[in-house]
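Dear colleague,

My notes on it follow directly after the model.

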Amino acid sequence: MYSLIHHGRRLVLVQLQKWPNFRVSVQTASALSNSFSFTSVADASLRDGLKGYNFTVSYLVDSLGLTTKLAESISKKVSFEDKENPDSVLSLLTSYGFTKSQISSIITIYPRLLILDADKSIAPKLQSLQSRGASSSELTEIVSTVPKILGKRGHKSISVYYDFVKDIIEADKSSSYEKLCHSFPQGNKENKIRNISVLRELGVAQRLLFPLLISDSQPVCGKERFEESLKKVVEMGFDPETSKFVEALRVMYRMSDKTIEEKVNVYKRLGFGVADVWAIFKKWPSFLSYSEKKITHTCETLMRCGLLKHEVLSLIKKHPKCICSSEQKIVNSIETFLGLGFSRDEFAVMIKRYPQCIDYTAETVKKKSDFIVKKMNWPLEGLVLIPQIFGYSLEKRTVPRCNVIKTLMSKGLLGSETPPMSSVLTSTDQSFLRRYVMKHDKLVPELMAIFSGENGK
């Protein structure tokens with residue numbers, strides 16, 4: 001169909017909820033001259049927003065078994081203050097044979113479903129699909145895979161997408177690759193389904209294809225523009241099996257050649273070479289999406305942190321996502337580290353060595369620093385030398401390894417001084433076990449239980 005496919009299938013190539021009541025209240029209050037009234041109304045609406053946020057989190061945890069962290073993330077997208085509507089949605093899905101696991105997956109992918117009308121919006125769509133001959137197992141599998149189908153309008157539109165998703169799932173289950181022989185609909189869905197077929201034949205996975213299919217704002221709706229964008233991404237060597245391939249396609253689709261050239265020139269004026277720009281794009285395609293003002297402002301903010309210009313360029317090459325960090329986020333990060341006893345120079349050294357330091361919350365940085373210094377008696381300066389320790393999981397890596405060390409020290413097997421931080425935390429699991437566990441024959445079962453977290457310490 002397109003020339004790109006002639007090689008076959010595999011080319012080797014919160015805010016909380018936005019609080020509408022809060023916004024309305026603030027807008028109304030701003031028209032009043034009485035500042036006390038403004039504060040009272042805003043505070044009341046803020047409390048209402050928090051109430052909805054807290055109820056939503058509790059409901060998602062209790063009713064769907066989601067983790068608190070995931071529930072908090074979902075509550076930024078959807079919020080409700082009582083269980084009547086979400087209960088009716090869950091009851092409806094259960095009546096159609098969806099398992100609890102499938103329902104949890106559906107809500108995680110498409111949380112807005114919980115605030116749709118179960119009887120008027122969702123039920124007619126499920127009934128329509130079932131009336132076309134879909135078995136219960138087929139229906140639950142396809143809707144669980146692409147739950148946003150239930151958000152589409154019009155039975156005909158839903159049916160087209162459902163059939164196409166079904167074709168892909170069934171073809172991918174085949175032991176031998178099958179090219180889709182799908183009858184493309186006429187109108188605005190024609191290009192989208194044809195382009196999704198092209199991406200599938202290139203090797204793009206289901207988990208990446210289906211969101212493109214359902215969304216109205218993705219780079220698969222045109223024809224010539226899609227072909228041009230896809231050609232650029234393929235020629236750059238992006239792997240179709242990765243999310244970066246789709247991300248790069250989105251960026252290329254949104255920008256004209258002139259815009260791309262202008263973006264590259266912005267980075268050239270800052271001191272990057274053209275090769276540097278495209279190497280960074282391969283790491284993080286969204287890198288090219290930011291405005292000249294945002295890019296320049298972030299670089300200036302980092303230099304005010306104590307980094308020299310060439311050090312800023314080096315940091316961006318290593319961790320391009322720092323471009324999207326706001327000035328306030330960077331300032332807050334500095335204040336966090338200074339508050340823990342690090343100097344500005346030490347902070348600059350740490351972000352040069354491990355730029356991701358900027359991304360961590362104050363709570364995370366403080367919690368990990370306190371454990372290292374107060375629980376293990378390692379010097380704070382050690383974190384300046386090995387800042388990547390901030391990226392290690394406290395529960396899965398740092399604490400279990402340190403508990404092994406404390407157990408050995410309590411038995412007098414390591415002397416009185418704690419081993420170096422680098423020896424304990426930065427070594428591979430294999431090296432750590434060889435150095436601190438396997439040589440103590442009689443203690444191996446106990447130490448392995450501590451290391452794996454099975455002893456509850």
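Which residue just after α24 takes a positive phi? Gly453 does, with a phi of about 80 degrees. Please bear in mind throughout that this is a predicted model.

I begin with the chain as a whole. It has 24 helices and 0 strands. Of its 457 residues, 45% are buried. The chain exposes about 23500 Å², and carbon and sulfur atoms supply 52% of that area.

In α24, the buried residues are Val444, Leu447, Ala449, Ile450 and Phe451. The elements that cover these buried residues include α21 (394-410) and α23. The loop between α23 and α24 contains Leu443. Leu443 has a relative accessibility of 17% and therefore counts as buried, since the cut-off for a buried residue is under 20%. Setting aside neighbours within four places in sequence, Leu443 is in contact with Leu408, Lys411 and Leu413. Between Leu443 and Leu408 there are 9.3 Å in space, C-alpha to C-alpha, although the two are 35 residues apart in sequence.

The aromatic residues deserve a separate paragraph. The structure holds 14 aromatic pairs. One of them joins Phe337 and Phe342 in an edge-to-face arrangement, at 5.6 Å centre to centre and with 65 degrees between the planes. Phe337 and Phe342 are both buried. A further pair is that of Phe432 and Phe451, which is stacked because the ring planes lie at 20 degrees, with the centres 5.6 Å apart; the limit for stacking is under 30 degrees. Phe432 belongs to helix α23 (residues 429-436) and Phe451 to helix α24 (residues 444-451), so this pair ties together parts that are 19 residues apart in sequence. Both of these residues, Phe432 and Phe451, are buried. Ring pairs also link Phe337, Phe342, Phe347 and Phe390 into a cluster.

The largest pocket has a volume of about 290 Å³. It is lined by 15 residues, and those closest to its centre are Ile109, Val146, Lys148, Phe210 and Pro211. Helix α10 (residues 206-214) provides the largest share of the lining, namely 5 residues.

Finally, one lysine may interest you. Is Lys192 buried or exposed? Lys192 counts as buried because its relative accessibility is 3%. Lys192 is placed in helix α9 (residues 189-202). When residues up to four places away in sequence are not counted, Lys192 touches Tyr161, Leu212, Leu213, Ile214, Ser215, Asp216, Val220 and Cys221.

The lining of the largest pocket, with its 5 residues from helix α10, could follow.

With kind regards

Definitions and conventions: Residues numbered from 1 in each chain as written. Predicted model: local features only at pLDDT ≥ 70, side-chain atom pairs only at ≥ 80, totals over all residues. Heavy atoms only, no water. Helix = DSSP H or I, 4+ residues; strand = E, 2+ residues; numbered from the N terminus. Buried < 20%, exposed > 50% of the residue type's maximum accessible area, 1.4 Å probe, protein only. Contact = heavy atoms within 4.5 Å. 1 Å grid on protein atoms, 1.4 Å probe; cavity = no way out; pocket = protein on both sides within 12 Å on 5 of 7 lines; lining within 4 Å. Points joined across faces, edges and corners; volume = space filled by probe spheres on them. Areas by Shrake-Rupley, 256 points an atom, 1.4 Å probe, with all protein chains shown as cover. Phe/Tyr/Trp six-rings, centres within 6.5 Å; stacked < 30°, edge-to-face > 60°.
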